[in-house]
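Keep the sequence and the 3D view open while reading.

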Amino acid sequence: MFCRRCLYGSDHPLGITFDSSGLCSGCRIHEEKDRIDWADREALLRNLLKEYRLRQGGSAYDCVVPVSGAGDSYYVMHLVKNVLGLRPLAVHYNAHFNSRAGIQNLANLREVFNVDAVQMNVNPESVRRVTRATLTLFGSVYWHVIAGQTAYPVQVAADMGIPLIVWGAHQGLEQVGMYSHLDEVEMSRRYRREHDLMGVEAEDLLGSLDVVRERDILAFQYPDEDLLLKRHIRGIYLGNYFRWDPYSQHRRMEAEFGFRARRNRRSFDRYDHADSAIYMDLHDWLKLVKRGFSKVTDQASREIRHGRITRDYASQLVRRYELEGLTEVPTLAKWLGASERALELVAIQHKNSRYWPGQYGDLGDFRGWSSLRPGANNNSNLGPHPQVAPREGFTLIGRGYPRLARYT
Amino acid sequence: MVALEDGWVVGSYGFSCRLPIGTLEQQLTELERWQVDEIAVIDISQHADRETLAEVLERLCQLSPMTPLLVGGGVRDANDASWVISSGADRVLLGSAAFRDPSLVPEVSAQLGDQAVVLSVPMSSHQVDTWLEPKTGDAMPISTLQRAVGPRWGGEILLMDVDADGGRDAFNFSLLSIIEGLLPNCQVALFGGFRSSFYIDKALQRPNVSAVCIGNACTQKELFVPRLKHQISSPVRKYVGCEVD
């Protein structure tokens with residue numbers, strides 16, 4: 001079953017429900033964005049924040065803000081510093097697969113928002129071991145990034161006694177309407193494990209394939225209950241209090257604060273995950289192999305809901321981009337110490353046969369969501385690929401080269 | 001409470017809108033970590049039947065949680081109820097079937113003992129003189145509850161405030177007063193609109209209230225139950241771990 005408004009189907013990995021009119025839960029919850037009195041919501045947030053400002057005997061920071069070199073980091077930091085007037089500590093997990101734009105964005109963010117920042121650089125050998133394991137076990141090259149980005153800020157908050165963590169939007173709410181905005185859903189171990197980490201905690205990797213050692217997973221471990229309770233740690237999502245519209249926000253951050261977008265071959269959206277050379281490349285391809293749809297379906301569905309494109313145009317966009325080739329496989333293969341064919345075989349090993357009917361070590365012809373939707377055809381009228389994205393490679397640990405303040 | 005629809009944990013809003021949450025396995029794992037007192041697993045699918053009940057029971061058997069289990073949804077008769085208990089549940093929840101058949105609760109209680117039987121009684125503030133069929137919303141005079149449970153029944157009623165389910169409203173205690181007047185000897189667990197310790201304390205001060213059941217909020221906030229229990233002044237089993245300031 002597919003939603004009659006957006007492009008999502010009933011086997012969305014985050015779960016999805018449909019009402020009697022054929023609308024999915026994501027579209028229904030999105031409608032709240034136009035009904036909610038956002039001024040009221042902001043007032044509610046300001047009231048909530050009172051207890052976290054200038055706590056007596058507390059830390060020098062009001063909150064932790066997880067950042068990367070992607071666009072949401074800019075908007076969250078803008079809201080936290082410029083709109084809400086908080087004193088944030090920016091916390092960054094180095095994703096290793098850094099794009100040039102991502103490194104520049106992160107350095108620029110620290111300067112334009114004038115924030116203190118801490119960074120976790122896990123040693124490359126541990127990241128490589130973890131990535132080998134997650135790629136082999138469940139076909140993910142990106143698990144370590146998500147695990148690090150969702151654990152390290154919580155570790156810092158607990159260690160430094162900063163009880164409030166401020167995140168951007170809740171992915172489950174935005175994509176499939178997992179919660180109402182009025183639920184004010186907060187960060188949780190359960191959501192992280194189940195949906196962010198595909199059900200696999202760092203501890204689950206220990207001993208797998210004799211590759212991952214205890215010292216490899218320290219940065220990926222979520223603090224235990226006792227510590228979270230003792231330090232009163234909570235993580236809120238700004239998407240519950242401000243009308244969240246990523247595409248508009250990214251464009252605004254680009255214009256006002258020097259955020260840099262990054263072209264990629266697999267989507268019309270130059271903003272999402274601009275910090276990564278891998279996300280919209282092999283990671284996105286593996287999503288297509290395992291789930292039958294790729295990031296461009298998420299982005300096109302989001303744009304339908306915001307009323308900027310029609311469903312038909314969105315379908316054409318998906319068909320235009322989802323089977324586009326990759327550029328970074330040779331780099332990743334070299335870094336992993338594997339051959340490109342080995343990566344291809346891992347993808348085939350984890351393919352969903354419902355969408356890829358090929359046999360005997362072959363993916364076969366794609367039969368994913370875009371071809372299963374009622375009225376679908378395989379043609380796109382959008383013409384040649386509008387984005388040129390040459391192979392860039394990635395930088396494991398980047399110092400940053402901000403544009404705004406360059407001293408020579 | 002863990003509500004299931006088509007095998008997936010869902011958040012319920014006003015007994016009509018359902019939003020996707022995740023898997024039973026992950027949700028149960030978390031509730032066990034939180035040391036909750038009992039887990040109610042209820043299949044609220046429109047088509048819940050013996051087949052879907054078998055799937056739920058099989059998944060629960062594989063998980064083998066240490067926490068006591070209340071299981072419901074798709075229980076049609078006394079045989080199904082016995083099957084639920086023999087499959088490892090501690091108590092069985094009777095809903096639609098008991099609404100349709102007033103002899104079911106006494107029959108199941110006679111087989112399994114009152115202590116193993118819970119009757120769900122959804123009520124709405126808009127029609128307080130009735131109780132509702134959980135899935136269709138059909139209404140029946142509240143006075144028929146007396147006949148459905150018999151004169152000396154020692155089981156528990158799960159009184160559900162339909163209007164407070166998943167919303168911002170707190171539980172309507174006038175619904176409880178009606179049940180207390182009708183069945184003064186029954187233990188009552190309350191569901192719907194319990195998000196703060198204030199209302200839980202208010203509920204637990206009522207002599208007939210045996211428990212408060214929490215649904216959506218358990219999926220929305222980190223360590224919701226341990227934190228809530230710490231704030232509750234009524235005697236409840238606290239989270240055993242660190243001392244919370």
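A salt bridge here is a side-chain nitrogen of Lys or Arg within 4 Å of a carboxyl oxygen of Asp or Glu.

## Basis of the model

This is a predicted model, in which local features need pLDDT of at least 70, side-chain atom pairs count only at pLDDT 80 or more, and totals for chains, interfaces and linings use all residues. Residues are numbered from 1 along each chain as its sequence is written, chains are lettered from A and ligands numbered from 1 in the order in which they are written, and side-chain values use heavy atoms, with hydrogens and water left out.

## Salt bridges and polar contacts

By that rule, four salt bridges cross the interface of chain B and chain A. B:Arg33 forms a salt bridge with A:Glu225, with the closest N and O atoms 2.5 Å apart. There are also 22 residue pairs in polar contact between chain B and chain A, both residues at pLDDT 80 or more. A polar contact is a pair of N or O atoms within 3.5 Å; within protein, one must be able to donate a hydrogen and the other to accept it, and residues adjacent in sequence count only if both atoms are side-chain atoms.

Several elements of chain B each supply at least two residues of the side that touches chain A: strands S2 (8-13) and S3 (17-22), and helices H1 (24-33), H9 (217-220) and H10 (224-231). Helices (H or I, at least four residues) and strands (E, at least two) are DSSP runs, numbered from the N terminus. That side of chain B has eleven nonpolar, nine polar and eleven charged residues. Ala, Val, Leu, Ile, Met, Phe, Trp, Tyr, Cys and Pro count as nonpolar, Asp, Glu, Lys and Arg as charged, and the others, Gly among them, as polar.

## Extent of the interface

In chain B, 31 residues are in contact (heavy atoms within 4.5 Å) with 33 residues of chain A. The area buried between the two chains is about 2,700 Å², and carbon and sulfur atoms give 51% of it. Buried area is the accessible area (1.4 Å probe) that two parts lose on being put together, summed over both. In chain B, B:Pro20, B:Gln26 and B:Glu222 lose the most area to chain A, together 22% of what that side buries.

## A helix pair in chain B

Helix H2 (residues 50-63) and helix H3 (residues 78-86) of chain B pack at about 10°, with axes 11 Å apart. H2(B) is therefore roughly parallel to H3(B). Axes are lines fitted to C-alpha atoms, for helices over the stretch in contact, and angles run from 0 to 180 degrees between N-to-C directions. Angles under 35 degrees count as roughly parallel, over 145 as roughly antiparallel, 65 to 115 as roughly perpendicular and the rest as oblique.
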